[in-house]
Amino acid sequence: MYYSKIVGLGHYVPENIISNQYLETIMDTNDTWITERTGIKERRYFTYGKDTNASMATEAAKIAIERAGLTPQEIDFIVYATITPDYYFPGPGFVLQRNLGMQNIGVLDIRDQCSGFIYALSTADQFIRSGMYKNILVIGAEIQSTFLNHSTEGRGVAVIFGDGAGAAVVQATTDPSHRILSTHLHADGTYAEDLYVKDPGSSRPKRFYDDLFDDKNTGEVIMNGNMVFKHAVVRFPEVIKEALAQNSLSPEDIDLLVPHQANLRISEYVRQQMGLPEEKVMNNIQKYGNTTAASIPIALSEAWEMGKVKDGNLICLAAFGSGFTWGSALIRW
């Protein structure tokens, strides 16, 4: 019987640091306001002409593959989560494949927003459990800075998001003691328009027209922050408890919780609801902001580098985001 385990992690963040103090110079905001509402002190923006969604993923993937002790040619399949592709189509996974010389293997795009990496990880887990693939590269990558309205009007959203990429290599194993124990995926489309970008969409008289982005409700992120917060603080603990219950475990068994880095207030609320001490929750939103599908693999990669992820540890990943979509993964490292 095959199980799957994560054998390599890597991440890449752009060199361009955007501090709260910088944002003060381009919109009516301040460090105190941003920090109190989000916990964010700085975020990274891509450098035009240097970084792309696919190039950032490529750098993260190189690290993950090397740490897994593999070569790119030993990867059997790619699952790539993003909502900010370099092209409308094809997805950046194909460019990543080309960059790493992994021609002819399958590429699967995942569009599940902030839960994208967990959806991608769950997909990889199922492919490996079926015996179809042995080594799968799982990616979460985003360039969101170009979606943002960097004005006072758009500050409620613009201060939150950042760019970056994270990668994991998932490998087949027959050892049940070190593996992905279970994954749990959910969605509720009732709230699809509470956090979304409308255009460019296909259900228009034509996809591109002269005044496409004249209306603020078309090309930028629209977010009902109160509604997102209200649902997130319910769904996060719910889906974590679901994973624990399926595996006959309790919150006390968790060695490290790696939540999607949406908002430090949300993470802190979830930590308290789960009864976890601060050292058992990985937060790096202070440095990178919300990087959507990239946030969990970046945080998990950093946690591993910091020595917070050790053999035998029980690691829980959890996410909530646009759609609404939410999910969790429980891993015995």
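**Exercises: a cavity and a tyrosine**

In this predicted model, α9 gives the most to the lining of the largest cavity, contributing three residues. The exercises start from there.

**Exercise 1.** Describe the largest cavity by its volume and its lining residues.

*Solution.* 
Step 1. Count the cavities: there is one cavity of 30 Å³ or more.
Step 2. State the size: the volume of the largest cavity is about 40 Å³.
Step 3. List the lining: Phe236, Leu257, Pro259, His260, Ile266, Ser267 and Val270 line the largest cavity.
Step 4. Assign elements: β11 (256-259) and α9 (264-274) are the elements that give two or more residues to this lining.

**Exercise 2.** Sort the lining residues of the largest cavity into nonpolar, polar and charged.

*Solution.* 
Step 1. Apply the classes: Val, Leu, Ile, Phe and Pro are among the residues that count as nonpolar.

**Exercise 3.** Is Tyr191 buried, partly exposed or exposed? Locate Tyr191 in the chain and name the residues it touches.

*Solution.* 
Step 1. Locate the residue: Tyr191 lies in the loop between β8 (179-187) and β9 (195-196).
Step 2. Compare with the cut-offs: buried means under 20% relative accessible area, and exposed means over 50%. Tyr191 has 22% relative accessibility, so it counts as partly exposed.
Step 3. Leave out residues up to four places away in sequence; Tyr191 then touches Met227, His231, Gly323 and Phe324.
Step 4. Take one of these contacts, Gly323. Tyr191 and Gly323 are 132 residues apart along the chain, yet their C-alpha atoms are separated by 6.4 Å.

Note on methods:
Residues are numbered from 1 along each chain as its sequence is written. This is a predicted model: local features need pLDDT of at least 70, side-chain atom pairs count only at pLDDT 80 or more; totals for chains, interfaces and linings use all residues. Side-chain values use heavy atoms; hydrogens and water are left out. Helices (H or I, at least four residues) and strands (E, at least two) are DSSP runs, numbered from the N terminus. Buried means under 20% relative accessible area, exposed over 50%, partly exposed in between (1.4 Å probe, protein chains only). Contact means heavy atoms within 4.5 Å. On a 1 Å grid over the protein atoms alone, a cavity is a set of points where a 1.4 Å probe fits but cannot get out, and a pocket is an open set with protein on both sides within 12 Å along at least five of seven lines; lining residues have an atom within 4 Å of a point. Grid points are joined across faces, edges and corners, and a volume is the space filled by probe spheres set on the points.
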